[in-house]
Amino acid sequence: MTILCVRFQLPPMSEAALPRLLGLLEEFTPVVEALPPDGALADLRGAERYFGRDAVELASVIRVRALALYGVDCVIGAGPGPMLARMALRDARPGLTRAVPEGEEREFLAGKPVAALPGVGTATARTLCEYGLDTLGRVAAAPLSTLQRLVGARTGRELREKANGVDRGRVVPNGVSRSLAADRPFDRDELDPDRHRRALLSAAEELGARLRAVDKVCRTLTLTVRYADRSATTRSRTLKEPTAHSAALARTAYDLYEALGLQRARVRTIALRAEGLTSAEQASHQLTFDPVDEKVRRIEEVADRARAKFGPRAVMPGSLAA
């Protein structure tokens, strides 16, 4: 086991804390890949030799330091590769590291549903399940020719390799978050468009606050609507100018939603993702003489200071709507 997948249990909208926690991981290895908003991958091959401890022992040290220095607990998955570490993380619990020992990859994967494998989408999972290949153990045992006939030559080959525990991924060091996401799941399948719009507004305000906390702006906004039948629709739009302005993000989210033309759709989750992040200092802003817009931006600054001082609940969702 040489790869750790760490998810820090950060309070909501605490994106600004992630760089400090990444720095903690970099005390053990320079090969750290950020997984915003609250996670990271760390390759400990060199660290195991240097510290004379295996990855699970180092994971315990990382957990203790995160608690002692930042008051943040974490859950950790460990495995021979990034894919297995990510999947182990899903079974992990606070205070314990879920590890997949080398040589036991197939046993770990065998009983899991095929949809649990990274890269397997809804359509592929549905096709495989229709032919009885509903677990990764059955996919691993299926003839390669059968898989290639069902999902294509390249996809079938990669699927069979992954189901057999062959993890060809690697940890790619990065220093900046390239995207931020905010999900709004409903307690039950939701038909009411007004509740859909309120979820969009809440997600847009969260993204705006998190972008401003790390001095970033986004170029693209992506909306994903997941339905009761587990299907999903995704739409993206490039913004007129890079922004972290919550009202601008909310307007774009509303436009994306209206363009879907949903009629009594049973929605399970609404998600927004801000992509193409760049430094706010390097972004241009179109000057405006609209006093309402300037007033809202000033209110945002005050609200951000209140969140920083009193926590994310200091400002009620929807209070900054333009």
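1. Let me start with a side-chain pair: Arg-184 reaches the side chain of Ser-202 in a polar contact of 2.9 Å. Keep in mind throughout that this is a predicted model. Arg-184 sits in strand 6, which covers residues 179–190. A second polar contact runs from the Arg-184 side chain to that of Glu-206, at 2.7 Å.

2. Glu-206 belongs to helix 10, residues 193–213. Is Glu-206 buried or exposed? Its relative accessible area is 15%, and the cut-off for buried is under 20%, so Glu-206 counts as buried. Seen from this end, the polar contact is again side chain to side chain, Glu-206 to Arg-184 at 2.7 Å.

3. Helix 10 also packs on helix 11: the angle is about 145° and the axes are 8 Å apart. Which hand does the crossing of helix 10 and helix 11 have? It is right-handed. From helix 10 the contact takes in Pro-193, His-196, Arg-197, Leu-200, Leu-201, Ala-204, Glu-205, Leu-207, Gly-208, Ala-209, Leu-211 and Arg-212. They meet Ser-246, Leu-249, Ala-250, Ala-253, Tyr-254, Tyr-257 and Glu-258 of helix 11. By class, the residues of this helix 10 and helix 11 contact split into 12 nonpolar, 3 polar and 4 charged.

4. There is another helix pair to look at, helix 1 (residues 18–26) with helix 3 (residues 55–70). These two pack at an angle of about 140°, with 11 Å between their axes. Roughly antiparallel would need an angle over 145°, so helix 1 and helix 3 count as oblique to each other. Helix 1 passes helix 3 in a right-handed crossing.

5. Who meets whom in that pair? Helix 1 brings Arg-20, Leu-21, Leu-24 and Leu-25, while helix 3 brings Ile-62, Arg-65, Ala-66, Leu-69 and Tyr-70. The class count for the contact of helix 1 with helix 3 is 7 nonpolar, no polar and 2 charged residues.

6. One backbone item deserves a glance. Most residues other than glycine have a negative phi. Arg-264 is not a glycine, yet its phi is positive, about 50°. Where is Arg-264 placed? It lies in the loop between helix 11 (246–260) and strand 9 (267–275). Its relative accessibility is 67%, and the cut-off for exposed is over 50%, so Arg-264 counts as exposed.

7. Leu-277 is in another loop, the one between strand 9 and strand 10 (278–279). With a relative accessible area of 14%, Leu-277 is buried. What separates Leu-277 from Ser-179 in sequence and in space? The two are 98 residues apart in sequence but 6.2 Å apart in space, C-alpha to C-alpha.

8. Finally, the whole chain. Its secondary structure comes to 12 helices and 10 strands. Of its 322 residues, 45% count as buried. Among contacts with a separation of 6 or more, 66% are between residues 24 or more positions apart.

Methods: Residues are numbered from 1 along each chain as its sequence is written. This is a predicted model: local features need pLDDT of at least 70, side-chain atom pairs count only at pLDDT 80 or more; totals for chains, interfaces and linings use all residues. Side-chain values use heavy atoms; hydrogens and water are left out. Helices (H or I, at least four residues) and strands (E, at least two) are DSSP runs, numbered from the N terminus. Buried means under 20% relative accessible area, exposed over 50%, partly exposed in between (1.4 Å probe, protein chains only). A polar contact is a pair of N or O atoms within 3.5 Å; within protein, one must be able to donate a hydrogen and the other to accept it, and residues adjacent in sequence count only if both atoms are side-chain atoms. Axes are lines fitted to C-alpha atoms, for helices over the stretch in contact, and angles run from 0 to 180 degrees between N-to-C directions. Angles under 35 degrees count as roughly parallel, over 145 as roughly antiparallel, 65 to 115 as roughly perpendicular and the rest as oblique. A crossing is left-handed if the near helix is turned anticlockwise from the far one by less than a right angle, and right-handed if clockwise. Contact means heavy atoms within 4.5 Å. Ala, Val, Leu, Ile, Met, Phe, Trp, Tyr, Cys and Pro count as nonpolar, Asp, Glu, Lys and Arg as charged, and the others, Gly among them, as polar.
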